[in-house]
Amino acid sequence: MIIQDNLLLNRAEPDGLGGVQFLYKVKGYGVTAISKPQEELSHIHWEVDVIKYVTEIPLKYEVCHTTDLAKKTLKFYSDKALNEFLDKAFKYFEELGLLENMLPDNDRP
Amino acid sequence: MSNLDFVAEGKPADWVPLGETQTVVDPMEMFFKLPRKTEFITGSEAARESIRRMNVDVAIAYPITPQSETMQQAGYLYDEGYIKDFYRGEEEIGVMSACSGASRAGVRTLTATSGPGLMRGMEAISSWPGARVPIVLMDMCRVINTPLAIQPDNIEMSFMLNTGMLLLHAEDQQDFYDYPLVAAIVSEKVDVTLPCAVSVDGFFVTHARGQVSMTPKEYKLPPRDGWASAVPAMDNENPPARLSRDAPIQKSNFISYHMHSSWQQEVFAAVERSAKYFDKYLGGLIEIINPDAEEFLVASGAAVSQSREAVRQEGEAGRKVGMIKIKSIRPWPMRELVAALKNAKRIMVPEFNQAGWLHKELCSTLYGRTTGTMIGGPRVYGGMTMPTEMILEWLADARKKQL
Amino acid sequence: MSFETLRPSPALKEFLPIEYKDLVDHGPYGKNKKVSDMGKFKEIIEEHPMCAGCAMTLFIRLMYIGMPNPEHTIVVGTAGCGRLALSQASVPFVYGNYGDTNAVASGLKRGLDIRFPNQFKDIVVCAGDGGLVDIGFQGLMHSWFRHEKFATVLLDNEVYGNTGGQESGMTNKGKVLKMSPRGKKDDKMDMLGLAKVAKLDYIARLAPTNPARVARTIRRAILIAREFGATYVQAYTSCNIEYSIPTPDVMKDAFEIEKDRYGFEEIISDRAKEYLKDLEAKAKAAKKAKK
């Protein structure tokens, strides 16, 4: 089963390509994980990006390829790999949040 | 002696079919009380898990994309002993005809098809309701028109609307697990005794994964009772008569046109009688979000998922938009729709087909019963996608034009 | 059908139509009636709307006498002349769609095997040359190659009789009929040859010239189908209307055609022969024990 902690939203993939999107959020950052239909079932995979939330309502985020977690869109072929990444990402975001809080107010992102 | 000789097919003599190790539970317990576990699986896998719990006697298969995955899984279920008999038929006319034969024998019968396969089997399928044969038909919609394509498009469902078939439209993988189980039970109710198709928008659901909450596989539905049926089974277990069950429907030498018309009336009355069961087992023929809204999206199948997201985004923007998901196309939830939409100002019907059959159905239901404007669209077809944005744009456009 | 199902309660019996009472008291169920008993018992088929002098009707009447267990038999047919009589029989009749007989029978037989694992339920497909060889060809072939456990009886009148006389795949070459205005261009289809290719355990071709032989052929086809799968009987059942055979000469025609070209052919596989021998021995022993 996919990790449900820190899950902000689970919705139909909004581009209409079929499949689902899971959006996670921890301290301003998060992960989008999309699973789309594939003609070959064995090709079904997770497309994962680290994101930075602009606002939660309305839901707006930007893809963030500047963290140490991921410099590009990641692909996972199993739920286990996705879950492991999510665990890692949640810890990373917690620490990142702590570090950002230590910055002087005008330097905070 | 029969086709059920598992030793001849390579099983050890002490083999116990796994279906026989399952415990039968009451449908209400299966649908609402048993604990459930959620898994992230494809629509085809959801179909397989549904079939595993359906207590199927005979499943007959024929491959066609995007359905093949499901019936080959049914083959594995047969191998494991969850289905009693299974074979690959010659093509869809053969398969649909064989299903009518199996159901006439009084056993639970299942098959699945897609687009062109449904069209090929249509002569047989359209004769099922008149023959009063309960059959579960899983239908994974795909393009039927030339040029050939395997993409989702649910125009094929419109061909089933006036046959006397029961017809459910599954939105996602979860529905494609739940609805076939409900279909099996309702179609076999004595005052129904009709075949039931469960359509789903193929590829988007069959070939994609979604969260499906399922009951333990150790439980199955009660078997079909071959003695309980609106018309007797073709088992030669009834007192002999010179006219057998099928014969009264033929018109030529013996039967009046009046007989045929009353037979049809009875079929369509049985469709209406099924509504009370679907209402009970599906938890309503429709689902409503924001019932007090003035603007409504009315959809079935995969269009519902995109509509849900459109409603959510409209909500973020401070606009309350209602949504109705139509679960059951036949029986058609006329009373429910009229009640839910009588005060609506604007009703929009997004669809995955060119003809807009759902829009037409809705128009004929709501004519004279609402003062709201009916908007047929947005529509995508031939495999086109329907982004949430498209629905939002149509809504904005309708508001701008004050439709 | 259990005989308890057949027998009405004594109090109800007097209110039932004579037709039904006769079936109960004098019907063939469980009594193993023979052709030589004709006229002395209530037959499965009596009244029918077939044309006067129709050879097909005679064949169908004999077919019902040949059934080893009419009380556990279901006939599957399709549109055509035959179903006009078949639907009047007191054996259940599935009147399917065009050319769907062998597919329907496949499903029906498998379903009945599940519901009645301890009782043979015999399925007999009985349809014409148009229904089986033309529109039903695919279903017929596949049921043979799958060796589905039922008998197929082809009523070969060499024409579409019910729709008014069009040529069929079983019409002879050169014959002028509706839809073959210049004479049929191709040969009569060799269904026996195809049955051999499919390796059926019982294949027979005959004309209804010898009533006892018709009943015996049908009986063998049904018994062997139970054990080994698909069997095939092809019967010349002339259409006296479309072939302009004077009514009193229908049987003369049957004898002539049999002699000229149709003949009698019976192909039984070795294992089926063994099985029949075994059955006969058992029947004899039972008879002896009864004495």
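Author: Two strands pair if DSSP finds at least two bridges between them, and that criterion is applied here to a predicted model.

Reader: Which residue of β8(B) stands opposite B:L167?

Author: In chain B, strand β7 (residues 166-170) and strand β8 (residues 196-201) run in the parallel sense and pair over five bridges. Within this pairing, the residue of β8(B) that stands opposite B:L167 is B:A197.

Reader: Which strands are the edge strands of the open sheet in chain B?

Author: The open sheet is built from seven strands with mixed pairing, in the order β4-β3-β5-β6-β8-β7-β14 (chain B), and its twist averages 20° from one strand to the next. An edge strand pairs on one side only, and in chain B this holds for β4 (85-88) and β14 (328-330).

Reader: Which element gives the largest share of the side of chain C that touches chain B?

Author: The contact takes 44 residues from chain B and 38 residues from chain C. On the side of chain C, the elements that give two or more residues are α1 (3-6), β1 (73-77), β2 (93-95), α6 (101-115) and α8 (137-145). By class, this side has 17 nonpolar, 14 polar and seven charged residues. The largest share, twelve residues, comes from α6(C).

Reader: What radius of gyration does chain C have, and why does that agree with a compact globule?

Author: Chain C holds twelve helices and seven strands, and buried residues make up 50% of its 291 residues. Its C-alpha atoms fill a box of roughly 65 × 45 × 35 Å along the principal axes. Because a compact globule with 291 residues would have a radius of gyration near 19 Å, chain C agrees with that expectation at 19 Å.

Methods:
Residues numbered from 1 in each chain as written. Chains lettered and ligands numbered in written order. Predicted model: local features only at pLDDT ≥ 70, side-chain atom pairs only at ≥ 80, totals over all residues. Contact = placed C-beta atoms within 7 Å. Helix = DSSP H or I, 4+ residues; strand = E, 2+ residues; numbered from the N terminus. Nonpolar A, V, L, I, M, F, W, Y, C, P; charged D, E, K, R; others polar. Axes fitted to C-alpha atoms, helices over the stretch in contact; angles between N-to-C directions. Rg over C-alpha atoms; globule rule 2.2 N^0.38 Å. Buried ≥ 20, exposed ≤ 12 C-beta atoms within 10 Å, placed from the backbone.
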